[in-house]
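Morning, everyone. Please look at the model on the screen while I talk. I'll go through it piece by piece.

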Amino acid sequence: MAGIGKINLRVVVVDSDRYAMSAINAYFAWDRRTTVIYKTGRLEDFWEHYNEKELERNPDVFVIDANHLGGAELLGAAIKRLRDKFPGIMVICMAQFADLDLLHAAADAGAKAYWLKDDVRLHIGWAVCACFCLDRDVFSVSSGVEEAGRRLAHTRLRQARTLPGPKQYQDLKPRKRDAMVLNAIEGMSHRLVAHEMDIALSTVQGYIKEARRTLEAYHDDIGDYPADMSPQEIDFMRLTALELSDDCLLTLRNYEECGRR
């Protein structure tokens, strides 16, 4: 089985904002390359859970809410503790704004990325996979912190790689995109989409069929998906895709060969 069928990155999510945590969890759930094995609003809860009953398998990715750990010193200490306990883990810092002290602390402690939530949102599965393609010491930033990071006196920040933007579908008409988003991202049935858009059910079905053809024309990825993956799931993967380089896509397709980063 090619492509994403080989990838299963185990993720822990820590976010004090329950709505944000639920959204992140949902986006990871739609992306079969990622599996959330634990989620909580407090980092202390994770460690209590881990100490009482160790996880069946250690996480590969730790997504942490950087703004609510008590400042730069505590953020740095938290990242170092995670990296010491789980060698090879990717620590992804998510933030609401570009706090320079937090950004510097994350890079200095060995985090893999510092992203603004508004920059990433529903693309988080693809963003994590893009990070996986980077060499071990390369730091990833989202567009909202790129300029700030380069001003700081830290080698990893000055050499940081900016997360690619969403894949653009110039030929996808707005109404067809709206129908596809409601169905594939919001999870609505065709009938609910018709009600939401105030159009006929047959029109919705036509929109989604045509939108699916448009997305297929932009992707050479049919062999990447497991045989049991539904068209709706594949639509989600394509709608949330980032403009990754050919080298990165090849790395993901050859996941078993590239090893842990």
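Strand E1 (residues 9–14) and strand E2 (residues 34–40) run parallel, joined by six bridges. Two strands pair if DSSP finds at least two bridges between them. Helices (H or I, at least four residues) and strands (E, at least two) are DSSP runs, numbered from the N terminus. Take Val 11: its bridge partner in E2 is Val 36. From E1 the chain crosses through H1 to E2, and this β-α-β crossover is right-handed. Right-handed means that, with the strands pointing away from the viewer, the path from the first strand over the helix to the second runs clockwise.

A word on the source. This is a predicted model, where local features need pLDDT of at least 70, side-chain atom pairs count only at pLDDT 80 or more, and totals for chains, interfaces and linings use all residues. Residues are numbered from 1 along each chain as its sequence is written, and side-chain values use heavy atoms, with hydrogens and water left out.

Now the inside. The largest nonpolar core has 54 residues, and Phe 28, Val 61, Ile 92, Trp 115, Ile 124, Val 128 and Leu 252 touch the most other members. Helix H6 (residues 124–132) gives the largest share, eight residues. Such a core is a set of buried Ala, Val, Leu, Ile, Met, Phe, Trp, Tyr and Cys residues joined through side-chain atoms within 4.5 Å. Buried means under 20% relative accessible area, exposed over 50%, partly exposed in between (1.4 Å probe, protein chains only).

What does Phe 28 touch? Its contacts (heavy atoms within 4.5 Å) include Val 11, Val 36, Ile 124 and Val 128, not counting residues up to four places away in sequence.

Stay with H6. H6 and helix H13 (residues 246–253) pack at about 90 degrees, axes 9 Å apart. Axes are lines fitted to C-alpha atoms, for helices over the stretch in contact, and angles run from 0 to 180 degrees between N-to-C directions. The two helices, H6 and H13, are therefore roughly perpendicular (65 to 115 degrees). Trp 126, Cys 129, Ala 130 and Phe 132 of H6 meet Cys 248, Leu 249 and Leu 252 of H13.

Next, helix H12 (residues 231–239). Seven of its nine residues are buried, among them Glu 233, Asp 235 and Arg 238. The buried residues of H12 pack against H1, H6, H9 and H11.

Last stop: Pro 164, in the loop between strand E7 (161–162) and H9. Why does Pro 164 count as partly exposed? Because its relative accessibility is 28%. Pro 164 touches Leu 242, Glu 243 and Leu 244, not counting residues up to four places away in sequence.

Notes:
Parallel < 35°, antiparallel > 145°, perpendicular 65-115°, else oblique.
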